[in-house]
Amino acid sequence: AAVNRLRELLARGPVSPWSWRERSGLLLGLEAVQLVITAMLIARRFAYLGYHYRSVGLLDVVGGVVALVLVALSLPDRITRPSGSALWFLACTVAVPVVGIPILFGPLSTPTLLMWQLAVAAAFGLMRWLVSGPVWHWPTPRVSERTYFVALAVIVVGSLVAVYASTGAGLSWTAFTNIYARRFQYASHVSLLGGYTVGALSGAVAPVLLALGMHRRSWRIVAASVATVAGLYLLTAQKSYLIGPALAVVGYFVVTYRTKRWVNWSVGFAAAIIGAGLFDTVTRTAVASSLVIRRGMTTAGINSSYYVDYFSSHPTAQLRSSILSRFGGNPYPLPLSRLIAQHYYGPRVSAANANFLADGFANFGVIGVLGAGLVIGLYLKAYDAASVGLDVAVSAAAITMVLVAWTNTASLTGLATHGALALLALVALTPRSAAPTPGVDTARPLRASHRLSRHGGSGEQGRHRERP
């Protein structure tokens, strides 16, 4: 009976859209869970990392609720394209912490906080507007499956050998307690081309192989992806290279079982937060909550409040510390992440990374927040076009590592350094026979539910035609 009940729960039926109330409830529920667990387990243990309570007013809370409702209105009511899954992911990992965490912690005044909350909502509204409408279509070269996978194997092996040889790194496992020494060694020896190569492998090649392997039930392809990720972690000691693939797996199943109303990114993140909190409560440690909650979510909220606070009273960078640095006029002698770390954390923290919205504010204020949303929205629109003909679960899972990067870096940095452009090209070249779908909007054609298809239902119920 239990097995049959599980089959009924996982049986796919027609996609049932979420109403705006349900979308708002999902985001507000995730926000509530995050704030409660943070106050209970994170704030006291990590007060030295910026978790200092501020005076909370009614306007702060109302502004946060209104902003998240506006973000929820910007989210698709069903996932039929990879951009839909991406917007939900970014809403949970960026919008929720940067809107809610500064209400309890940080230096922002009420007027500045309200301005920031509404700017975040406007950026998500812009992204949603950009990805809506018909999917772009452009011709792509046809590559056979054999040629495609052989080429990827050659690229992975050749790139890893070249980067390892150029940096002098060895194949030794780096514990989480000793990652910073390994990161420093890698950063001080890697070339510019080597850095872009590592970004393409981590953000494009490895997640595409993982998504295709899961979809085809090919454990050899999955093993190739895992081996690539392991090689990258041994080289760079970046924890995101271990966490990202796990989120890609979750993303694959979130989209695969999107016909179930309870299958959603926000539900998954809320469950992860609660699970981490329960684990640390039972074990009386802070390992899980620090990794899942603090590092994965709330640090973005704390650091974003610092970016907004600092650049509200100091000149904005106007990209002169990044792509326009060659033209001079940089008002700051340090990279922005190190500048914020030095100003707010002192010597305890070497870099205070935030996310694409905070970086946009640091460069052009509120206009920069909208500009960052413009860059991400246009990229997601192009990614939808590159994914036409692929199963949406594959293309949505493949973009996860790039999305993880954007939760921790600038929008323009993610395009080249973290493999977003390489992913766009790789997905466009992926043979459609590797993970085909005949539905429109790159959506998987949905079958009738398990029981109806087996018992031959009649009428409208018996013909759950594949509506994307």
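1. Let's start with a pair: helix 3 and helix 4 are roughly antiparallel to each other, a label used for angles over 145 degrees. Their axes come within 10 Å and cross at roughly 170°. Here axes are lines fitted to C-alpha atoms, for helices over the stretch in contact, and angles run from 0 to 180 degrees between N-to-C directions. Helices are DSSP runs (H or I, at least four residues), numbered from the N terminus.

2. Before going on, remember this is a predicted model: local features need pLDDT of at least 70, side-chain atom pairs count only at pLDDT 80 or more, and totals for chains, interfaces and linings use all residues. Residues are numbered from 1 along each chain as its sequence is written, and side-chain values use heavy atoms, with hydrogens and water left out.

3. Which residues of helix 3 and helix 4 make the contact? On helix 3 they include Val61, Ala67 and Leu68, and on helix 4 they include Leu87, Ala91 and Val99. Contact means heavy atoms within 4.5 Å. The residues of this contact divide into 10 nonpolar, two polar and one charged. For the record, Ala, Val, Leu, Ile, Met, Phe, Trp, Tyr, Cys and Pro count as nonpolar, Asp, Glu, Lys and Arg as charged, and the others, Gly among them, as polar.

4. Now helix 4 (residues 82-104) with helix 5 (residues 110-131): the axes come within 10 Å and cross at roughly 175°. Helix 4 and helix 5 are therefore roughly antiparallel too. Among the residues that meet are Leu90 and Val98 in helix 4, and Trp116 and Phe124 in helix 5. This contact has 14 nonpolar residues, two polar and one charged.

5. Helix 3 and helix 5 pack at about 5°, with their axes 8 Å apart, so they are roughly parallel to each other (angles under 35 degrees). Gly63, Gly64 and Leu70 of helix 3 are among the residues in this contact, as are Leu114 and Ala121 of helix 5.

6. Which helix gives the most to the patch? Helix 3 (residues 58-74) does, with five residues.

7. Last, find Val349 in the loop between helix 13 (336-345) and helix 14 (356-364). Val349 and Leu49 are 300 residues apart in sequence but 8.5 Å apart in space, C-alpha to C-alpha.

Notes. Helix = DSSP H or I, 4+ residues; strand = E, 2+ residues; numbered from the N terminus. Parallel < 35°, antiparallel > 145°, perpendicular 65-115°, else oblique.
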